[in-house]
Amino acid sequence: MDEVVVQVEKTKREWDDAYEKTIEHIIAIQEYGKSRRGGEEKISLQRLNGLAQDGLSLLNSLQFNLDLLAPQLPSDDQVQSTQSLLETWKNQYQSLRVNLRSANLKAKDNMRKAAQQERELLLGGGTESTDLRRKRQANAGVTSDAESITESLRRSRQLMVQEVERSTNTLVAFDESTGVLKKAESEYKGHRSLLSRTRNLLSTMQRQDVIDRVILIIGFSLFACAVLYVVSKRIGILRLQQMATAAIKARLAGKAANGDAMPLVQQFDGGNAVPNVGIPLQQPLHDEL
């Protein structure tokens, strides 16, 4: 932040210097032609206008720099004060442009009056008129060359000022892009760690899913085997019961047939007869099974 304050103060000093020089050039333009004698002037009007335009371009560039630096100041009071100063600069800049236009009109009027005086002097004849014509012819070529060189230098300086402004804008945009890229990089690092943890979690879930599938398959297989075993055992027991029941029934049926042909008396080795238990001979036997 201290660096921003230093840059703001430097911009203010540059503005004051450029503002004073531009005012001097505008005053020189306004006074141009008043003391003119024989076409002699230290600086041409075109050169003065070029210097004034360069001063205005520099002032405009300083306004742009101050507008960029104002939001970066550390306190709100400094920001508001700088913005108020920027508004004052804008008003002064517009006033200089109006004064430059008025000064050019005044210079043209002075040049018209001076030309009228020279014309009267040339038409008047005499030694002074002859010397004036000679000086004007001698200085015409030099003035034209100087003005051409001056205009070329002024255009070069204007292009340099424009390139500096363009470079400043590019640097500002580059700084903003750098900040955005740093922020995006930090966010990417955070997302990368999150993606890594998510990938590990998905791998764990996939392994657990495979283990669960294997457990389910093994459990179902064991259950199926147990069911088959129980069913097979149950079917075997039922068959044995059926076979036993059939054998018992056949045996009882054979005994019943023998009882119809002879009385139910059994002889034992002792010669004792089995007493009659009172069971009717024709009573059918029931299968308790």
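Trainee: How many aromatic pairs does a search of the whole structure find?

Mentor: The search finds 2 aromatic pairs. Rings of Phe, Tyr and Trp (its six-membered ring) pair if their centres lie within 6.5 Å; planes under 30 degrees apart count as stacked, over 60 as edge-to-face and the rest as tilted. This is a predicted model, in which local features need pLDDT of at least 70 and side-chain atom pairs count only at pLDDT 80 or more, while totals for chains, interfaces and linings use all residues. Residues are numbered from 1 along each chain as its sequence is written, and side-chain values use heavy atoms, with hydrogens and water left out.

Trainee: Why is the pair of W15 and Y19 called stacked?

Mentor: The ring centres of W15 and Y19 are 6.2 Å apart and the planes meet at 15 degrees, so the pair is stacked.

Trainee: What separates W15 and Y19 in helix α1?

Mentor: They are 4 residues apart in helix α1 (residues 2–30), which means a separation of about one helical turn. Helices (H or I, at least four residues) and strands (E, at least two) are DSSP runs, numbered from the N terminus.

Trainee: How do you know whether W15 counts as buried or exposed?

Mentor: Buried means under 20% relative accessible area, exposed over 50%, and partly exposed in between (1.4 Å probe, protein chains only). W15 has 1% relative accessibility and therefore counts as buried. Y19, at 22%, counts as partly exposed.

Trainee: What makes W15 and W89 a stacked pair?

Mentor: Their rings are 4.3 Å apart centre to centre, with 5 degrees between the planes. W15 lies in helix α1 and W89 in helix α3 (residues 76–124), so this pair ties together parts that are 74 residues apart in sequence. W89 has 3% relative accessibility and therefore counts as buried. W15, Y19 and W89 form one aromatic cluster.

Trainee: Why is Q63 called buried?

Mentor: Q63 has a relative accessible area of 7%, so it is buried. This residue lies in helix α2.

Trainee: Which residues is Q63 in contact with, leaving aside its neighbours within four places in sequence?

Mentor: Contact means heavy atoms within 4.5 Å. On that basis Q63 is in contact with W15, L86, W89, K90 and Y93, its neighbours within four places in sequence being left aside. With the same exclusion, L59 is in contact with W15, A18, Y19, T22, Y93 and L96.
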